[in-house]
Amino acid sequence: MPSKSKTRRPRLAHTLPALHRAIAELRRRNASLALVPTMGALHDGHLSLVRLAKRRANKVVVSIFVNPAQFAAHEDLSSYPRTWKEDVAKLTAEGVDLIWNPAAGIMYPDGFATRLAPEGPASAGLEDRIRPHFFGGVATVVCKLFTQTRPDFAIFGEKDYQQLKVVTQMSRDLDLRVKVVGAPVKRERDGLAMSSRNVYLSAEHRAAAPVLFRTLKECATRLRAGDAVADVMRDGGQEVTNAGFALDYLDARHAETLAPVTSPKDGPLRLLIAAKIGSTRLIDNIKV
Ligand code: AMP
């Protein structure tokens, strides 16, 4: 039986004054605060972040904002899944304290003219090469979310590994005093990383999709056994292509800096992949 406090609906804030009032109340008696930024269409991966947030802090805020600034014109902003009612029900069951759900005009009012230009991990040549627009939009909105909610912690998924590094760097560089915490990738039973975009997959493409994680695991095993990075990446790319994917990248990088590596001796490694099947683009990564 869920406890009574677990079933209390979170407060909802749609405007900045309402948000600031709600945060001030949550902060009474020196409560610590964790923020979980999302774009909604919540699945168990998002909820695992909420659970981690609850372990880190007394109070938890979840933001739901589909951020136009991180979508290029040809990307899926208008069709991005929106499931507000279900999202609120899931966050209620998790005992979240506050949902911050601004309209685009509140985040980016008329005349808005500032955009961060992150470097370092944001220019590693992975997602940034395929989506040059992306990390500027992410850094800008996350910086705003941090200054709006002023959390002690912010939880981000390792699912978006390069994004986790970009946001960590941004928080440090801009002295935002938010500790960015990474959460492990939550997967379906067959290994596919959970994603709001998985609903786009046809039955046939959904059946093919676990090849990404399978390939990452095989590549990691070979790298640990000492096989050459270039050979392993070539074979892994072939496997994914054979399963019907168009590969954007499969690469082994330094797990912290995301710098290219030639051998497992170059430091802790992370394998990252992005590939498209039909019109759905999927990303995944694992530790080596
Ligand atoms: P999104 O709503 O897709 O922007 O994701 C919001 C947050 O949830 C980001 O920090 C993601 O990295 C994280 N996230 C998304 N999918 C997963 C997953 N399968 N496992 C863990 N975290 C995830």
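Visitor: How do α10 and α11 lie to each other, roughly parallel or roughly antiparallel?

Guide: This is a predicted model, with local features needing pLDDT of at least 70 and side-chain atom pairs 80 or more, while totals for chains, interfaces and linings use all residues. Numbering runs from 1 along each chain as its sequence is written, and side-chain values use heavy atoms, without hydrogens or water.

Helix α10 spans residues 211–224, and helix α11 spans 229–242. Their axes (lines fitted to C-alpha atoms over the stretch in contact) come within 10 Å and cross at roughly 160°. The two helices are therefore roughly antiparallel (an angle over 145 degrees). Their crossing is right-handed (near helix turned clockwise from the far one by less than a right angle).

Now the contact (heavy atoms within 4.5 Å). α10 brings Val211, Leu212, Thr215, Glu218, Cys219, Arg222 and Leu223. From α11 come Val229, Asp231, Val232, Met233, Asp235, Gly236, Glu239 and Val240. By class, the residues of this contact are 8 nonpolar, 2 polar and 5 charged (Gly counts as polar).

Elsewhere, helix α4 covers residues 84–93. Its buried residues (under 20% relative accessible area, 1.4 Å probe) are Asp87, Val88, Leu91 and Thr92. Seen down the axis of α4, they fall within an arc of 135°, so they line one face of the helix. Gly95 follows α4, with a positive phi near 75°.

His43 sits in the loop between β2 (33–38) and α3 (44–56). At 18% relative accessibility, His43 counts as buried. Beyond its neighbours within four places in sequence, His43 contacts Met194, Ser195 and Ser196.

Definitions and conventions:
Axes fitted to C-alpha atoms, helices over the stretch in contact; angles between N-to-C directions. Helix = DSSP H or I, 4+ residues; strand = E, 2+ residues; numbered from the N terminus. Parallel < 35°, antiparallel > 145°, perpendicular 65-115°, else oblique. Buried < 20%, exposed > 50% of the residue type's maximum accessible area, 1.4 Å probe, protein only. Arc of directions from axis to C-beta.
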